[in-house]
Amino acid sequence: MGFLDRQVSDTQIKLRSRLWLYVISSIILFLLIVPSLIVIPMSFSDSQYLEFPPKNLSLRWYENYFFSWKVENGFNDWMAATRTSLLVAVLTIFVATPIGTLAAYGLTNSSARIRSILFPVMISPMMVPIILVAIGLFYFYVQFNMVNSIPGLVLGHSLVAMPLVLIIVLSALKNYDMNQEKVARSLGASRTRAFIEITLPQIKFSLVSAGLISFLTSFDEIIISLFVAGGDNSTITRSMFLALRDQIDPTIAAISTILIIISSGLLILSQTISGKARPD
């Protein structure tokens with residue numbers, strides 16, 4: 001039996017019949033990954049401009065990022081923007097994860113009719129173009145003087161992160177035997193105590209994964225940040241966009257490389273945790 005004729009599933013599907021799928025998947029992955037990887041060697045160039053391939057290697061743009069405090073042309077320093085992004089991303093975890101978890105728990109214990117109505121509403125921030133969400137938030141924040149504020153950023157990022165948390169936790173609860181919680185309640189435990197002591201420990205890996213996704217969603221978000229962030233509370237992605245628009249600063253390539261490493265690491269960690277959460 002040749003390599004292409006070996007069985008790849010229990011349904012007698014052979015590798016040859018799926019070869020076209022692997023080829024298309026490889027092309028798509030290539031087109032998605034390679035443009036990002038080009039940024040990495042560019043970040044090690046000593047040129048004053050973005051250059052690929054770099055003629056001479058240097059760490060000057062990483063030094064410019066890590067040791068920047070104030071730069072010319074009125075931009076906030078890179079490290080201040082990074083601190084803002086990290087703060088907002090961490091706070092987003094503590095807002096989006098509990099709300100998404102409670103929403104998933106409520107949907108799980110609701111009737112199919114109510115679930116079919118509420119679920120599309122709760123994930124609507126994923127379906128509505130993010131630019132419309134950002135515009136709506138901007139005009140809403142203007143009424144309450146929340147533009148360019150940390151709370152405004154946290155609430156905006158939580159809005160787009162919560163649907164992801166909802167989907168992750170909802171999937172975990174579907175694989176969870178709710179009868180265990182009912183037994184605890186039948187023995188005198190309140191619904192809250194039964195949820196905290198019985199249900200939460202068994203979906204903890206999904207909660208951690210949802211928290212990491214919330215962090216990553218907030219840290220990488222740019223559209224909402226362009227509308228509601230600014231001044232001393234500019235995020236790193238917003239600062240990168242403005243710097244790329246107004247001046248070609250190779251520091252952006254160094255920051256992009258760091259963001260690629262952080263995002264890839266968190267995604268791998270999230271997938272590893274999600275794997276532990278799945279039943280054998």
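Q: How many residues does the chain of this model have, and what percentage of them is buried?
A: This is a predicted model, and in its chain of 280 residues the buried ones make up 40%. The chain exposes about 16,200 Å², of which 67% is supplied by carbon and sulfur atoms.

Q: Which elements make up the chain, helices or strands?
A: The chain has 13 helices and 0 strands, and among its contacts between residues at least 6 apart in sequence, 66% join residues at least 24 apart.

Q: How do I read the packing of two helices, for example α7 and α10?
A: Two packed helices are described by the angle between their axes and by the distance between those axes. In this model, helix α7, which covers residues 150-174, packs with α10 at an angle of about 155 degrees, and their axes are 9 Å apart. Angles over 145 degrees count as roughly antiparallel, and α7 and α10 are therefore roughly antiparallel to each other. The crossing in which α7 passes α10 is right-handed. On the side of α7 the contact includes His-157, Ala-161, Leu-164 and Val-165, while on the side of α10 it includes Leu-207, Ala-210, Ile-213 and Ser-214.

Q: Where is Ser-214 placed, and is it buried or exposed?
A: Ser-214 is located in helix α10, and it counts as buried because its relative accessible area is 0%, where the limit for buried is under 20%. Once its neighbours within four places in sequence are left aside, Ser-214 is in contact with Thr-92, Ile-93, Ala-96, Thr-97, Ala-161 and Val-165. Two of these partners, Ala-161 and Val-165, are also named among the α7 residues that make the contact with α10.

Q: How do I read a pair of aromatic rings, and how many such pairs does a search of the whole structure find?
A: A pair of aromatic rings is described by the distance of the centres and the angle of the planes. A search of the whole structure finds 5 aromatic pairs. One of them is formed by Tyr-105 and Phe-195, a tilted pair with 4.5 Å from centre to centre and 55 degrees between the planes. This pair links distant parts of the chain, since Tyr-105 belongs to helix α3 (residues 78-108) and Phe-195 to helix α9 (residues 191-202), 90 residues apart. Both Tyr-105 and Phe-195 are buried.

Q: Why is the pair of Phe-215 and Phe-219 described as stacked?
A: The ring centres of Phe-215 and Phe-219 are 5.8 Å apart and their planes stand at 10 degrees, so the pair is stacked, given that planes under 30 degrees apart count as such. Phe-215 and Phe-219 both lie in helix α10 (residues 204-220), with 4 residues, about one turn of the helix, between their positions. Phe-215 counts as buried at 14% relative accessibility, and Phe-219 is buried with a relative accessible area of 4%.

Q: Which residues do ring pairs link into a cluster?
A: Ring pairs link Phe-140, Tyr-141 and Phe-144 into a cluster.

Q: In which helix is Phe-227 found, and which residues does it touch?
A: Phe-227 is found in helix α11, residues 223-228, and at 29% relative accessibility it counts as partly exposed. Not counting residues up to four places away in sequence, Phe-227 touches Ile-131, Ala-134, Ile-135, Phe-138 and Val-147. The C-alpha atoms of Phe-227 and Gly-136 are separated by 9.7 Å, although these residues are 91 residues apart along the chain.

Methods: Residues are numbered from 1 along each chain as its sequence is written. This is a predicted model: local features need pLDDT of at least 70, side-chain atom pairs count only at pLDDT 80 or more; totals for chains, interfaces and linings use all residues. Side-chain values use heavy atoms; hydrogens and water are left out. Rings of Phe, Tyr and Trp (its six-membered ring) pair if their centres lie within 6.5 Å; planes under 30 degrees apart count as stacked, over 60 as edge-to-face and the rest as tilted. Buried means under 20% relative accessible area, exposed over 50%, partly exposed in between (1.4 Å probe, protein chains only). Contact means heavy atoms within 4.5 Å. Accessible areas come from the Shrake-Rupley method with a 1.4 Å probe; for residues, only the protein chains shown count as cover. Axes are lines fitted to C-alpha atoms, for helices over the stretch in contact, and angles run from 0 to 180 degrees between N-to-C directions. Angles under 35 degrees count as roughly parallel, over 145 as roughly antiparallel, 65 to 115 as roughly perpendicular and the rest as oblique. A crossing is left-handed if the near helix is turned anticlockwise from the far one by less than a right angle, and right-handed if clockwise.
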